[in-house]
Amino acid sequence: MKEYTTIKLRLHPTAEQAALMEKTFGCCRWLWNRMLADVEEFYAASDLQYIPTPAHYKKEAPFLREVDSQPLCCVHQNLRQAFLNFFRNPGAFQYPRFKAKKDRRDTFTVYCRQYRTGPSIRLLKSGIEMPKLGLIPAAVHRRPLHWWQLKSVTVTKSRTGKYFCAIVFGYEAPEREAVPPLPERTLGLNYSPARFYVDSRGVSPVLPDLAKSREKLARLQSGLSRMEPGSRNYENQLRKIRIQHERVANQRKDFIHKESRRIANAWDAVCVRDTDLVELSRRLKGAGVMDAGFGMFRDCLKYKLERQGKAYIVVDQYAPAAKTCHACGRVNEQLSARERSWTCPSCGVVLTREVNTARNLREFGLKEIGALSAVSYPPAAAGRDAGEGPGAAGSADLTGKALCL
Ligand SMILES: [Zn+2]
């Protein structure tokens, strides 16, 4: 099986290289818009979908010849893929849109080709060598392993004016021995808006202190509201705000990568609920401290576990993890979403909502993959519950479609 991994580098191009990159960004955007317009025109005239190739435009737009042809081919492929996605699944994908310069999503992709003289893109110690651009100086903080194959490079410019490149490498996935998920080496994680997550032992991570950065951001933003739009002060302030936004985003990313690495190394399996985070944040009205981060955290955790042969177990989002007592298995249907702690009517254990949910996620996850034959409730307690009608004694009703927090 092929596996892919990416190394992201900060580029420090010379003035000429930066100018050529800017030109390439511009050509890609121009070509995308022209192709999209022509597709629509052609469709209106003939009822057929047809995307002209980049070569078709080179006569009328000689500036396209000044940049590498590979990114232009990529634009063609991307537009084709955008249409395919839209026609196959119009609910999930939008119709391709025109790109405006002010959107500043400056990016282009170059695929690596193999020539007789060697590959067209090479990652060296001092930077990356690309067609037409030459050797772009970069901070190469990580070296690829010698069997990795360089597949493509995507150059982007951030809104703060920094150039980055994401280099994709492909390789045959090595044979990994699957780590059997033992119950004592398995962790349940429950998303918590205030504490990011609560695990099945009741432990929460130490969150990065974003308060200072956010305070500064608020101060800058209130300053902006007093300035004349379009003035030099306004533009300066806007630049400062973008830098601060980038800083907060970097702090968050740093935390997510370190935290997911720590868990993936310390545990053999992790059970997480398959929550729709967009839906959740709408219900919570964006009350989370690390709102955007948990989805990315789950993704990081998944690949970091899987690359070690460990299990990332997804629990159904409608499983009654919050309403089930982890001590005896009774499902408390009366529990409202607001109650942060409750006493189990069957066994009398006082339960903290978030910890109880995390423990249940761990049990449900283990049960799902067959590591536990049944949810392991103490037999005495389960026996006591047995006569109390449906929903008791661990018969977790997975069809009850009520989102449990
Ligand atoms: Zn109980």
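**A helix contact and its surroundings**

A: Let's start where H4 and H6 touch: Arg 252, Lys 253, Ile 256, His 257, Glu 259, Ser 260, Arg 261, Ile 263 and Ala 264 of H4 meet Gly 293, Met 296, Phe 297, Cys 300, Leu 301, Tyr 303, Lys 304 and Leu 305 of H6. "Meet" here is a contact, with heavy atoms within 4.5 Å. Keep in mind that this is a predicted model, where local features need pLDDT of at least 70 and side-chain atom pairs count only at pLDDT 80 or more, while totals for chains, interfaces and linings use all residues. Residues are numbered from 1 along each chain as its sequence is written, and side-chain values use heavy atoms, with hydrogens and water left out.

H4 covers residues 232–266 and H6 covers residues 293–306. Their axes come within 9 Å and cross at roughly 40°. An axis is a line fitted to C-alpha atoms, for helices over the stretch in contact, with angles from 0 to 180 degrees between N-to-C directions. That's why H4 and H6 are called oblique to each other: under 35 degrees would be roughly parallel, over 145 roughly antiparallel, 65 to 115 roughly perpendicular, and the rest is oblique. The H4 and H6 crossing is right-handed, where right-handed means the near helix is turned clockwise from the far one by less than a right angle, and left-handed means anticlockwise.

H4 has another partner. Helix H3 (residues 211–225) and H4 have axes that come within 10 Å and cross at roughly 160°, so H3 and H4 are roughly antiparallel to each other.

Now for another helix pair. H1 and helix H2 (residues 69–88) pack at about 40°, with their axes 9 Å apart. That angle makes H1 oblique to H2, and the crossing of H1 and H2 is right-handed. Thr 24, Cys 27, Cys 28, Leu 31, Trp 32, Met 35, Leu 36 and Val 39 of H1 meet a set of H2 residues that includes Pro 71, Leu 72, Val 75 and Phe 83.

Take Thr 24, which sits in helix H1 (residues 15–46). Thr 24 has a relative accessible area of 5%, so it's buried; buried means under 20%, exposed over 50% and partly exposed in between, using a 1.4 Å probe and protein chains only. Setting aside residues up to four places away in sequence, Thr 24 touches Val 67, Pro 71 and Phe 108.

Thr 154 contacts Thr 107, Phe 108, Thr 109, Phe 164, Cys 165 and Ala 166, leaving aside neighbours within four places in sequence. The C-alpha atoms of Thr 154 and Thr 107 are 6.9 Å apart, although 47 residues separate the two along the chain.

Next, the zinc ion. Its donors are the SG atoms of Cys 325, Cys 328, Cys 344 and Cys 347, at 2.2 to 2.3 Å. A donor is an N, O or S atom within 2.8 Å of the metal (3.2 Å for Na, K and Ca), and sites may look incomplete because water isn't among the atoms. The spacing in sequence is C-x2-C-x15-C-x2-C. Cys 325 is in the loop between strands E13 (311–315) and E14 (341–343), and Cys 344 in the loop between E14 and E15 (350–352), so the pair ties together parts 19 residues apart in sequence. Both Cys 325 and Cys 344 are buried.

Finally, zoom out: the protein chain has 8 helices and 15 strands. These are DSSP runs numbered from the N terminus, with at least four residues (H or I) for a helix and at least two (E) for a strand. Of the 405 residues in the chain, 42% count as buried.
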